[in-house]
Amino acid sequence: MKIAIAGGSIAGLACALTLTCTGHEVQVFERSGTPLKGRGGGVAILRQMMRFLEQHGHHTRAMLAVPTHRRRWIDSQGAVVRDDPELLPFSSWDAVYQSLCSMVAPGVIHYGRDVASVSQDAEGVELRFHNGTPVRADMLIAADGTSSRLRSMLFPDNTVSYAGYLAWRGLVSESAFDPADVADLVENITLLHSADELFITFLIPGQGGSLEPGQRRFNWLWYRNEPDKAAVDSFLTDRDGRRHHASVAPGELSQPSLSYLRGIARDRLPPVLSRLVSATDAPFLQAISDASSPSFAIGRIALVGDAACTLRPHTASGTSKAADDAVSLAQALQMPQETEAMQLDVEGLLANWAQARRRAVEPLMLEGPKLAHSFGLGYP
Ligand SMILES: Cc1cc2nc3c(=O)[nH]c(=O)nc-3n(C[C@H](O)[C@H](O)[C@H](O)COP(=O)(O)OP(=O)(O)OC[C@H]3O[C@@H](n4cnc5c(N)ncnc54)[C@H](O)[C@@H]3O)c2cc1C
């Protein structure tokens, strides 16, 4: 089949890989004019994503992820209150994205193609863009993220809801610190939990993917309850006065937001953690939101990744879910040799896939808010 994919991030590229492997002709249409850069911070890499990358390329665990040895909980004075073994490998969004990009065949990804609308009939789908000629395909995959335009078009009553807390985030080079000052943070995950907030930090690969000690980066996330709508509005307004929907990118936080962040870091965090925040050049912000499509397929259109449903970050499963979406979709659409695309009951196959996928993902969708509540995060 000719398959169009809207969105060329983790979920879109994962689908491009699996569906190319199973013999389909795939085209990815990405809104951004250039390959994506510096979009996310650290990601915990669960087994499924690692296995996926290993199956499709040659990026082994050792090449992609910084190992972790201990999970250390500290208190507001910096004293260790709990210390457990932990083997979860941590990577960076960039490293995962670049590995996927390097495995997709040249010419498959079309940058600067913003999907404006889509229509479908009994034979296929038509994508129209804000710029450029329309494209026809046998089916479409919507991989356009949490704020998916396609999901809103297909299910106009469906909304994204703010979960009641923000994630302040940052990346800072390991080399910015005296090694003795950060020794306990290196190759460990360190957490501080207090009322209404949770701070987490761990090491991730350096900007070019380096895993060399000294060249890696500390990734930190500071989840903080923020029920006040006016405060959320103000934090999501960038330094040029633009109100963003759900996130403010590195380098774009307003001066009042930066001063606020540095102030609370000084007041509320032990020195070992406040040092990380104050040394971060370009912190960024994400409002934690819940989004879930009423169905993961409609007609000849399938929804994957965060466009299908957004998992809370505490499950550390977003990239693995995207990989599983891609693998399961390719399996569901596998055609016996010699089958013509027009002979395939695409709608029926997608409907079955969507039901099975929802059953598989539902436990993770429920687990995220439960984990958040266990930390006192989000609306009760
Ligand atoms: C705070 C936080 C921490 C996280 N931590 C982890 C973690 O530790 N482990 C983990 O596995 N996951 C984590 N995640 C989740 C993970 O990053 C995502 O689930 C995963 O990357 C899948 O994203 P996606 O490809 O579906 O969507 P996105 O990355 O949002 O990509 C959507 C793409 O679609 C493009 N697009 C949008 N609209 C259009 C359009 N109209 N036309 C064409 N293109 C369009 C966008 O430009 C973008 O490239 C975290 C998320 C958050 C918010």
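A residue is called buried when its relative accessible area is under 20%, exposed when it is over 50%, and partly exposed in between (1.4 Å probe, protein chains only). The structure is a predicted model, in which local features need pLDDT of at least 70, side-chain atom pairs count only at pLDDT 80 or more, and totals for chains, interfaces and linings use all residues. Residues are numbered from 1 along each chain as its sequence is written, and side-chain values use heavy atoms, with hydrogens and water left out.

**Helix H1**
- Helices are DSSP runs (H or I, at least four residues), as are strands (E, at least two), numbered from the N terminus.
- Helix H1 covers residues 10–21, and 10 of its 12 residues are buried, so the rest of the structure largely encloses it.
- Among the buried residues of H1 are Ile10, Gly12, Cys15 and Leu19.
- After H1 comes Gly23, with a positive phi near 95°.

**Surroundings of the ligand**
- The ligand is surrounded by 29 residues, the closest being Ser9, Glu30, Ala44, Asp306 and Thr319; a residue is near a molecule if one of its heavy atoms lies within 4 Å of it.
- H1, strand E2 (25–30), strand E3 (42–44), helix H10 (305–308) and helix H11 (318–332) each contribute at least two residues to this shell.

**Contacts and cover**
- Ser9 has a polar side-chain atom 2.8 Å from an oxygen atom of the ligand, where a polar contact is a pair of N or O atoms within 3.5 Å.
- A polar backbone atom of Ile10 is 3.3 Å from an oxygen atom of the ligand.

Technical notes:
Expected span 1.5 Å × (residues − 1). Polar contact = N/O pair within 3.5 Å; in protein donor to acceptor, adjacent residues only side chain to side chain.
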